[in-house]
Amino acid sequence: MISFDFDYYQPATIEEAIQLFHTLDEQGKNPLYFSGGTEIITLGRLNRIVTDAVIDIKAIPECTAYRKKGTTHIWGATLSLSRIREIGAFPFLSKTIAEIADNTARNKITLGGNICANIFYRETVLPLLLTDSQVVIASRTGLKQRPLRDVFDQILQLEKGEFLVQIITEQSEIDLPFLCIKKRRQWDVGYPLITTAALKKNDRLKVAFSGLCAFPFRNQQMEKSLNDLQLSREERIEQALQQIPATILEDVHGSAEYRMFVLKNTLLDILDAFEGAES
Amino acid sequence: MGSHEITLQINGEERSVHARNTDTLLYVLREKLGLTGAKPGCLNGDCGACTIDVDGQPMKSCLMLAVEAMNKKVTTIEGLQNAPIQTQFIEKFAFQCGYCTPGFIMNCHSLIQQHPNATDTVIKDWLESNICRCTGYKEIEEAIKATLRNVQQYRS
């Protein structure tokens, strides 16, 4: 049971949601946008998220729809992860989604909710970063479209009152070869140790990680090392591991040392998969 | 605004209830409506004991606010009247202590409705949503497969 009360609003338009947010904020209600809401409910129960008002954006048409416009796919932020898998138009994203939480939970967890969550895994962002996807953000001055890589730094960098409306991905990016490898400590369900996503474009490997540091990320320096064909695979990986941009996680799922061991082997598997196994 | 009267469509009936906006659907079902079939387990979306069906999809009722369920069709275990999967759970001894059983049955019921030709992979994927600590999953898989076989025979 959530011990505090909040007001619940379900606006029908983006403008209404933005206006509502600022009005509630001026009233000191610390409003939160509510998409799937799973994290607000679970962390609210533990008083780790406290708010006086939530704004459920699931009734806003731009947030709920998927459409294909020419060669462009537009994904509403409140599409459930299950719905995105059903649509089946983005195999890399579907593969990543298939290993988040469980089937029933994925009926409630949404794309935007996962990207903007507090949980550090936020794995849906990995294929979106690697496919140079764009984000549509609602702000007080209207909608703005930005490359995800420019506005995602540890978290999606939203200004107060802004919310994620849509993700846009080009078919040409969706068609690129990819891999998504999720390693858990044991068995095949539960929280991951590390998720590694990789994509190859123009003979260059791109990689993004979740569960390695306290936030998901793509790192150009690690990619540069992995793409240095003057070196052996082991050397490329060793160099990439030196470029990890933040402290490696240590938690009940694994020590930093164990994470490095698993990552090293995962990267080797990825190089083998994209370049063929070395004899 | 913290609480108000809401109307829910539950098991084919319209039910009005006074609920807080922060009340989960699980809480309202059990404490306000007396529908105690959905079980409180982890309350964190992990165990699946509270699974119900919302508009044809299995949902963990601990992960849903009651206000979110307005204008949706909610089915709880009390709303299944001798559904084929219930019979097969008995036939295949697919339960032990039974605490997780309503959640499993609701999940399996939705699976059968959505995937009448479910493969082993789909069944495994769906069953990962529910945790049972005292029965093997084998009997539950057999209950699903027996129900699917019966559905397919009925159709042909």
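**A quick tour: pocket, sheet, helix**

The second largest pocket holds about 580 Å³ of space (a pocket is an open set of points on a 1 Å grid over the protein atoms alone, where a 1.4 Å probe fits, with protein on both sides within 12 Å along at least five of seven lines; lining residues have an atom within 4 Å of a point; the volume is the space filled by probe spheres set on the points, joined across faces, edges and corners). You're looking at a predicted model, where local features need pLDDT of at least 70, side-chain atom pairs count only at pLDDT 80 or more, and totals for chains, interfaces and linings use all residues. Residues are numbered from 1 along each chain as its sequence is written, chains are lettered from A and ligands numbered from 1 in the order written, and side-chain values use heavy atoms, leaving out hydrogens and water.

Select A:K58, A:N107, B:D55, B:M59 and B:K72: of the 25 lining residues, these lie nearest the pocket's centre. Now pick α4(A), which gives the largest share of the lining, three residues (helices are DSSP runs of H or I, at least four residues; strands are runs of E, at least two; both are numbered from the N terminus).

Next, show β1, β3 and β2 of chain A, in that order: they make an open sheet with parallel pairing (strands pair if DSSP finds at least two bridges between them). β1 (7-9) and β2 (32-34) of chain A sit at the edges with a single partner strand each, so one side of each has no neighbour in the sheet. Zoom in on A:Y9, and you'll find A:I55 of β3(A) opposite.

Last stop: helix α12 (233-242) of chain A, where A:R233, A:R236, A:I237, A:A240 and A:L241 are buried (under 20% relative accessible area, 1.4 Å probe, protein chains only; exposed is over 50%, partly exposed in between). Look down the axis of α12(A): the buried residues fall within an arc of 135°, so they line one face of the helix (the arc is that of the directions from the helix axis to the C-beta atoms).
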